[in-house]
Amino acid sequence: MSHTAFDQGALNGAAERYGLRPIRAHWLDSSVIARRAWPGKFGRRWSLAVVAAELGIVFRHHDAVEDARAASEIVLLACLHTGVDVDGWLERG
């Protein structure tokens with residue numbers, strides 16, 4: 001789970017720096033899911049802080065655990081809003 005590709009790039013960059021393999025995972029991008037679940041709702045602003053605030057999610061921004069929780073809540077709210085479950089979002093890419 002991430003909000004934009006930043007986390008994926010940062011984690012894989014850190015792995016490369018330390019000679020580790022890239023992380024092999026199925027990534028869910030909460031910003032992409034939010035755009036698809038609520039087209040036009042957030043204008044052109046898709047930051048975690050903006051999307052979370054618009055959806056009523058309160059969290060401490062730039063705290064890794066809180067950011068992950070907020071991104072997860074965005075996905076869960078999108079599931080409830082659209083009727084598409086997590087597997088469905090994974091299939092949609």
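1. A salt bridge is a side-chain nitrogen of Lys or Arg within 4 Å of a carboxyl oxygen of Asp or Glu. The structure discussed here is a predicted model, and three salt bridges are counted in it.

2. Glu-66 and Arg-69 form one of these salt bridges, with 2.8 Å between the closest N and O atoms. Both residues belong to helix H4, where they are three residues apart, about one turn of the helix. Glu-66 is buried, because its relative accessible area of 15% falls under the 20% limit. Arg-69, at 30% relative accessibility, is partly exposed.

3. Arg-69 also forms a salt bridge with Glu-73, the closest N and O atoms here being 2.4 Å apart. These two residues likewise lie in helix H4, four residues apart, about one turn of the helix. Glu-73 is partly exposed, with 28% relative accessibility.

4. Asp-63 is partly exposed, at a relative accessible area of 25%, whereas Arg-60 is exposed, at 53%.

5. The largest pocket holds about 340 Å³ of space. Its lining consists of 15 residues, and His-3, Phe-6, Asp-7, Leu-48 and Asp-67 are those nearest its centre. Helix H1 (6-17) and helix H4 (64-82) are the elements that give two or more residues to this lining. The largest share, four residues, comes from H4.

6. By class, the lining of the largest pocket comprises six nonpolar, six polar and three charged residues.

Terms used: Residues are numbered from 1 along each chain as its sequence is written. This is a predicted model: local features need pLDDT of at least 70, side-chain atom pairs count only at pLDDT 80 or more; totals for chains, interfaces and linings use all residues. Side-chain values use heavy atoms; hydrogens and water are left out. On a 1 Å grid over the protein atoms alone, a cavity is a set of points where a 1.4 Å probe fits but cannot get out, and a pocket is an open set with protein on both sides within 12 Å along at least five of seven lines; lining residues have an atom within 4 Å of a point. Grid points are joined across faces, edges and corners, and a volume is the space filled by probe spheres set on the points. Ala, Val, Leu, Ile, Met, Phe, Trp, Tyr, Cys and Pro count as nonpolar, Asp, Glu, Lys and Arg as charged, and the others, Gly among them, as polar. Buried means under 20% relative accessible area, exposed over 50%, partly exposed in between (1.4 Å probe, protein chains only).
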